[in-house]
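This briefing looks at a few local features of one structure, grouped by topic. Please keep the sequence and the model at hand while reading.

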Amino acid sequence: MTGSAGLAVGARVVDTLAALRPLAPFFCLSVTFGATLGFLSGGAPLILRARGVELAEVGLLQLINLPVGLTFLWAPLLDRLRLPFLAHRIGWIAAAQGAAILLLATLSFGEHWPLPALLALAIAACACVATMDIALEALVVETVPAAQRASVASAKLCGASLGGILGVGVLVGAYDSLGWRGAVLACAALDALCLLPILGYPEARRRGAGGRPERWSGSLARLRLLAGRVLALGAYFAASYLLAGPNTLALLDLGVPLAQVGFLTGTVLPAVNLVMALAAGGLAARFGTVRLIAAGALGVLASGALMAAACAAGSADLGVAATILNFVAGGFLGVPVFNMIYRWAQGPKPATDYALLFGAAFFAAMPLRVAAPALAGWIGWPGYFAATLPLYAAAVAWLAVAVARTLRADGAAR
């Protein structure tokens, strides 16, 4: 009996690994996305704020993320042009990732270069990683059946979360021992290693498995049909950042040590996101996408109210609790939101569609991301968090309505 049970367990492990193997390329590239952006833009605001830099100046560091919101400007090239090597999408993935690796290698020599030069290289590296990402999302839309996209979304969010742990929690945490060159080169080496699995992905054989695309004619017609969805996503991204993004800065002002805040941002947050990404697909299947979004949103609103109370009372412990609650509740939203973006990008030009849905929405939120710290410094943290609550509630309700409308149209409303 013991031997039979062991064989059964071994068979289940083999079956599980076989089921997870197709997700490995998406997982690995998302690790590099999370690690690179996390390393370049995740730790710097906390470090500078701890050194006494004004909140308004800290907000300017969000410009490193600007290329993520501008991918819609060059996404049509990724749909229209095929590079003279590898398959269509994989060729662009390899080219963009390779360029990011070269830029990081160059950046590793720039510890004492002027800040504008370092910032320019960081923005260029982020542009390459963002280009890789939209090519990867187009690959998902074209080659992964709709029924399997929730699993891919979970794998990508898990990868991005693990990347965040590596890019912020590990590389930034070990900065004193690694030094500038060692940390940047370690990030470049991770990007190179994680590129390898996608090179064997059978893009040509799986093309068309993603389902029949919606037939839209012309970019203006496509934008007109996507406009409502882009606006809903833009409002959601903006409101989510306003409520949750400055939490760690507020913790510093409450007197939480930088090391503890860095641990929350670089380890606890991505670890929670990883667990929630694993669970969210099953929860959405059981309870429904809209209900899962609503449950997560209620938790986020509760965390915002708790953070406002913590700032008013000057309680660091309450602020940490509110931040962790925000991590958990926000983790419910990642898989259903990105799975719906895949559905909305199911057109004849998926890289362009995805860039419009995610990139344009992200770009629309950039002014608020830059202005949020300055706004908090002006009105104070308690008033700031209280003011963001109704904005977030309205934005997530708008998104839920758009998602429900699409599910009804697909005959999949729950």
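Leaving aside its neighbours within four places in sequence, which residues is serine 108 in contact with? In this predicted model, serine 108 is in contact with Trp180, Arg181, Val184 and Leu185 once those sequence neighbours are set aside.

**Surroundings of serine 108**
- Serine 108 is located in the loop that lies between helix H7 (88–107) and helix H8 (115–143).
- With a relative accessible area of 2%, serine 108 is buried, and its side chain reaches the backbone oxygen of alanine 105 at 2.5 Å.

**Nonpolar cores**
- The largest nonpolar core has 121 residues, of which Leu40, Ile93, Ile198, Leu233, Ile341, Phe385 and Tyr392 touch the most other members; its largest share, 16 residues, is contributed by H8.
- Isoleucine 93, when residues up to four places away in sequence are not counted, touches Leu29, Met132, Ala135, Leu136, Leu139, Leu195 and Ile198.

**Packing of H18 with H19**
- Helix H18 (residues 350–379) packs with helix H19 (residues 381–409) at an angle of about 120°, their axes being 6 Å apart, and the two helices are therefore oblique to each other.
- On the H18 side the contact is made by Ala372, Leu375, Ala376 and Ile379, and on the H19 side by Trp381, Gly383 and Tyr384.
- Sorted by class, this contact of H18 with H19 has 6 nonpolar residues and 1 polar residue, with no charged residues.

Notes: Residues are numbered from 1 along each chain as its sequence is written. This is a predicted model: local features need pLDDT of at least 70, side-chain atom pairs count only at pLDDT 80 or more; totals for chains, interfaces and linings use all residues. Side-chain values use heavy atoms; hydrogens and water are left out. Axes are lines fitted to C-alpha atoms, for helices over the stretch in contact, and angles run from 0 to 180 degrees between N-to-C directions. Helices (H or I, at least four residues) and strands (E, at least two) are DSSP runs, numbered from the N terminus. Angles under 35 degrees count as roughly parallel, over 145 as roughly antiparallel, 65 to 115 as roughly perpendicular and the rest as oblique. Contact means heavy atoms within 4.5 Å. Ala, Val, Leu, Ile, Met, Phe, Trp, Tyr, Cys and Pro count as nonpolar, Asp, Glu, Lys and Arg as charged, and the others, Gly among them, as polar. Buried means under 20% relative accessible area, exposed over 50%, partly exposed in between (1.4 Å probe, protein chains only). A polar contact is a pair of N or O atoms within 3.5 Å; within protein, one must be able to donate a hydrogen and the other to accept it, and residues adjacent in sequence count only if both atoms are side-chain atoms. A nonpolar core is a set of buried Ala, Val, Leu, Ile, Met, Phe, Trp, Tyr and Cys residues joined through side-chain atoms within 4.5 Å.
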